[in-house]
Amino acid sequence: MFEQASARLSRAAEVGRTALAHQPCGVVLEVVGLVVEVGGLSAAVGETLEIVAPDGSRLHVEVVGFQRNRLLATPLGSVSGIRPGATVVRTGRVSRVAVGEELLGRVLDAFGAPLDDGGLPLTLAHRPVDAEPPPPFQRRPIDEAFSTGIRAIDALLTLGIGQRVGIFAGAGVGKSTLLGMICRSSQADVNVVSLVGERGREVNDFVRNALGPEGLARSVVVTATSDQPPLVRSRGAQTATAIAEYYRDQGKSVLLVMDSVTRYAMALREVALGAGEPPATKGYPPSVFAALPRLLERAGTCAGPGVITALYTVLVEGDDLSDPVADAVRGILDGHIVLSRSLAERSHFPAIDVLASISRLAPEVADPPRLQAAAQVRGLLATHKDAEDLIQVGAYVAGSDPRVDVAVKMAPAIDAFLRQSVSERTGVDETRARLQALAQTSLGAGG
């Protein structure tokens, strides 16, 4: 039996080598930085080529452009060992990823290969990693609230099922912890988590601690760490989106979490600059700003019953929300949640700056009593912030302004409502009841 299996494998390998030998071939002309120039071969942008090194090792590259009868390709691995004149073969393939129910609970790389110890998933279907967004008039309207289990979001920044929201934060203010809390507590059937350009240690920490066994059981994690080539990092975001689309097409409610869109844009920038595209805004070529809406628009509702609710983190340098990537993403998405460093420094977690954040669909998915109560609490927060400097230096005299008096009186209760421990989960009914109680108490305090 063993001899028969070995013979079949040998025949299959020989057939593969014969087929490879008859495919059109080119040669490596130059390798400059992140770009491999190939001559003597014609291929389409997005097609995968295979470089055969003299030692027999193989490297896949993807065509990203062409000029003067030369193909410009970006490697999907290390170029170590590639020499001038190395054979380049067309594969005739575009990038695809294996999908299936067996992916749940697994940690995958940017190509869908397992990174955990569970072995190769027995998937049967494949999807292209780069797909078209659903047509605008085939999208169902968003009219149902999405429960995250986070009081500050569900009460004051109510999201809708199918909404796309950005989480804007600097480094070290708790965005990964917040994402893990949402993945464990949300009402979604499936979580698809994309970790783009993260450090290897952070990937481990997120899976084991922030996500935990409970969250991982109904999640698929796709990761491309910071040491990998830029095209692989950008591929991780596309692969995760393709997997989310598969579950959406099965009629499921999917939560797509991507950390972070900024590193996805940085990877695209490296590829584009390496291919010779001129830089524009803060060193980002125009193609980056064309690629962002193409990726982000793939989430949301569609014609079928399935839906993708998406959370995209955006890194802001020095907490500056006017960064070009942050500015572009904010204009594409349906709302933004801002994490405040000053709140994090006071150990207020999740460090959500409610006044700087907005959900554009809250009026569509929240009923009038909830909106009225949320407006009341937000008004108290705004009043307290306006008078904060006077209060801190002791210059405010009680009784000077009745609104400030109520805001000062209610501040401890509102602060306790907005704080939430990592392991704490609050249901929709409890969040609503506590919000209504806060609003009623504030009205009584004003009387």
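Contact here means heavy atoms within 4.5 Å. The model you're looking at is predicted, so local features need pLDDT of at least 70, side-chain atom pairs count only at pLDDT 80 or more, and totals for chains, interfaces and linings use all residues. Residues are numbered from 1 along each chain as its sequence is written, and side-chain values use heavy atoms, with hydrogens and water left out.

**Exercise 1.** Work out how α6 and α7 pack.

*Solution.* Start with the elements: helices (H or I, at least four residues) and strands (E, at least two) are DSSP runs, numbered from the N terminus.

Step 1: find α6 at residues 261–274 and α7 at residues 286–296. Their axes lie 10 Å apart, at an angle of about 135°.

Step 2: classify that angle. Under 35 degrees is roughly parallel, over 145 roughly antiparallel, 65 to 115 roughly perpendicular, and the rest oblique. The pair α6 and α7 is therefore oblique.

Step 3: list who touches whom. From α6 come V261, Y264, A265, L268, R269 and A272, which meet S287, V288, A291, L292, L295 and L296 of α7. By class, that makes ten nonpolar, one polar and one charged residues.

**Exercise 2.** Find the strands that pair with β1.

*Solution.* Two strands pair if DSSP finds at least two bridges between them.

Step 1: go to β1, residues 25–32, and β6, residues 87–94; three bridges link them in the antiparallel sense. C25 has V89 of β6 as its bridge partner.

Step 2: turn to β2, residues 35–39, which runs antiparallel to β1 over five bridges. Here E30 sits opposite E37.

Step 3: check the turn. β1 and β2 make a hairpin with two residues between them, and G33 in the turn has a positive phi of about 60°.

Definitions and conventions
Axes fitted to C-alpha atoms, helices over the stretch in contact; angles between N-to-C directions. Nonpolar A, V, L, I, M, F, W, Y, C, P; charged D, E, K, R; others polar.
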